[in-house]
Amino acid sequence: MSIAVVLPRALYPYARGSSTLTIDDRVSSVRDALSIVGQRWPAVLDRVMTERGEVREHVNIFVGEDSIRFGDGLATALEDGDTIMIVAAVSGG
Amino acid sequence: MASPTLKPTTGDTLVLVGTVKGAFILSSADRKDWTLHGPYFPGESVYAIAYDERGGRTRTLAATRSFHWGSTIRLSDDYGATWSGPERQSVRFPEGSGLALVQVWQIKLGRADEPDVLYAGVEPSCLFESRDGGETWAAVEGILNHEHRPKWTPGGGGMCLHTIVPDPSNSQRMAIAMSTGGCYRTDDGGKTWRARNAGVRAEFLPNKYPEFGQCVHKVVHHPARPERLFLQNHWGLYRSDDWGDNWTDIANGVPSDFGFSMQVHPHDPDTVYIVPIKSDAFRITPDARLRVYRTRNAGASWHALTAGLPQQDAYETILRDALAADVNDPAGVYFGTRSGKVYGSADDGESWTELADALPSVVCVKSAVVGKAGGATA
């Protein structure tokens with residue numbers, strides 16, 4: 001199984017410069033995939049999720065072209081070859 | 001673009017400025033000519049900043065908040081040339097607390113004889129402690145699990161613990177303040193905390209004098225007289241002579257007793273500075289005049305300091321941490337405005353000059369003198 005996690009440029013420094021993280025473990029949901037991210041790249045997950053295990057308010061996560069906010073959230077199912085994209089929301093001051 | 005390189009020498013004065021879009025440092029050898037350095041953390045807000053020379057360090061600490069990626073405290077030992085990171089976010093609520101960090105509102109140096117100790121006040125209201133110079137932080141359990149927590153509610157800026165006042169001579173005692181919630185004090189090193197708000201008004205509650213729930217905006221004291229606290233409230237100006245057990249009104253001669261900022265003089269426990277704000281509904285300087293008020297008699301009377309400050313069409317707001325003093329003699333006093341101006345005085349506040357005029361909205365100002373008095377940030 002292979003899942004790609006595409007990072008925004010702001011998070012490259014927390015992934016030792018990588019723009020894409022590859023997860024080869026067997027995972028069934030976005031939550032599983034992010035758990036692996038947290039184990040291997042904890043500084044990345046700090047920026048994506050709060051201590052309460054919630055996706056930060058102004059961060060969007062897509063599987064393919066679909067936002068998990070409009071799907072099953074962190075329970076959104078993954079299949080081999082899926083791409084998770086982490087994006088800064090269009091917001092700011 | 002401001003100069004990015006800061007290499008101060010002993011005796012230089014630093015004014016550290018946090019804004020909603022990054023931090024800046026003003027430096028000067030004579031407090032006449034100032035150089036602006038930064039921006040540091042462009043695009044991120046910096047609501048708390050500090051400079052620490054205890055333990056042989058030259059450490060700047062900045063509380064950064066990315067709109068997207070969360071908050072942390074970052075360290076620099078070379079005056080902002082490099083900052084710690086990338087790394088884990090160092091201020092985190094423990095698992096099971098049900099809380100998640102929104103923002104760090106205050107970084108406070110610990111006592112002189114505990115050079116590795118620092119404190120941080122955060123949103124949602126909690127006190128954190130570091131025992132390694134700011135590298136790692138842990139929530140103080142007595143506040144984290146306080147029985148009043150379910151009844152603390154957010155003020156306009158969020159539910160934040162913004163003020164930390166350690167007793168320099170008693171390691172067991174400390175006062176803190178939050179909005180809303182009010183003042184609390186520990187006498188047992190942080191294990192237990194008692195609300196200390198007797199006499200402080202809560203204008204926005206049916207019971208105007210509750211045990212807790214006040215919206216305290218800032219508390220200051222002088223280390224030479226630590227039991228005497230001064231308090232700027234959300235409506236109300238108070239003094240306590242007994243570490244907060246009792247408070248008395250000292251709004252004598254101010255155009256408004258609403259305000260946010262407050263700073264004690266570095267050498268005189270009876271001298272305090274404030275910048276009154278017209279009202280909670282219209283948070284600008286009264287009469288559109290930018291006036292710092294100073295008492296030299298512990299609040300018996302207050303007098304306006306206006307020389308060099310605009311006295312017409314000045315619709316300014318000065319936030320709770322945007323007023324500071326250096327440890328020089330005469331003292332330097334500094335403040336920043338939400339409109340991005342920074343003003344400074346090198347003569348105890350008698351006269352003022354504009355040090356910067358077009359920064360992003362200023363949310364905190366601190367000052368230090370390199371190599372002097374431990375570099376303590378006022």
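The model is predicted: local features need pLDDT of at least 70, side-chain atom pairs count only at pLDDT 80 or more, and totals for chains, interfaces and linings use all residues. Residues are numbered from 1 along each chain as its sequence is written, chains are lettered from A in the order in which they are written, and side-chain values use heavy atoms, leaving out hydrogens and water.

**Interface**
- Chain B brings 16 residues into contact with 22 residues of chain A (contact means heavy atoms within 4.5 Å).
- The two chains bury about 1700 Å² between them, with 58% of it on carbon and sulfur atoms; buried area is the accessible area (1.4 Å probe) that two parts lose on being put together, summed over both.
- B:Phe67, B:His68 and B:Trp69 supply 43% of the area that chain B buries against chain A, more than any other three residues.

**Salt bridges**
- The interface holds 2 salt bridges (a side-chain nitrogen of Lys or Arg within 4 Å of a carboxyl oxygen of Asp or Glu).
- A:Asp46 pairs with B:Arg92 in a salt bridge, their closest N and O atoms 3.0 Å apart.

**Nonpolar cores**
- A nonpolar core joins buried Ala, Val, Leu, Ile, Met, Phe, Trp, Tyr and Cys residues through side-chain atoms within 4.5 Å; buried means under 20% relative accessible area (1.4 Å probe, protein chains only).
- The largest has 37 residues, and B:Ile73, B:Val104 and B:Leu127 are among those with the most contacts inside it.
- Another core, of 29 residues, lies apart from it and includes A:Ala15, A:Val27, A:Val59 and A:Ile61.

Note on methods. Buried means under 20% relative accessible area, exposed over 50%, partly exposed in between (1.4 Å probe, protein chains only).
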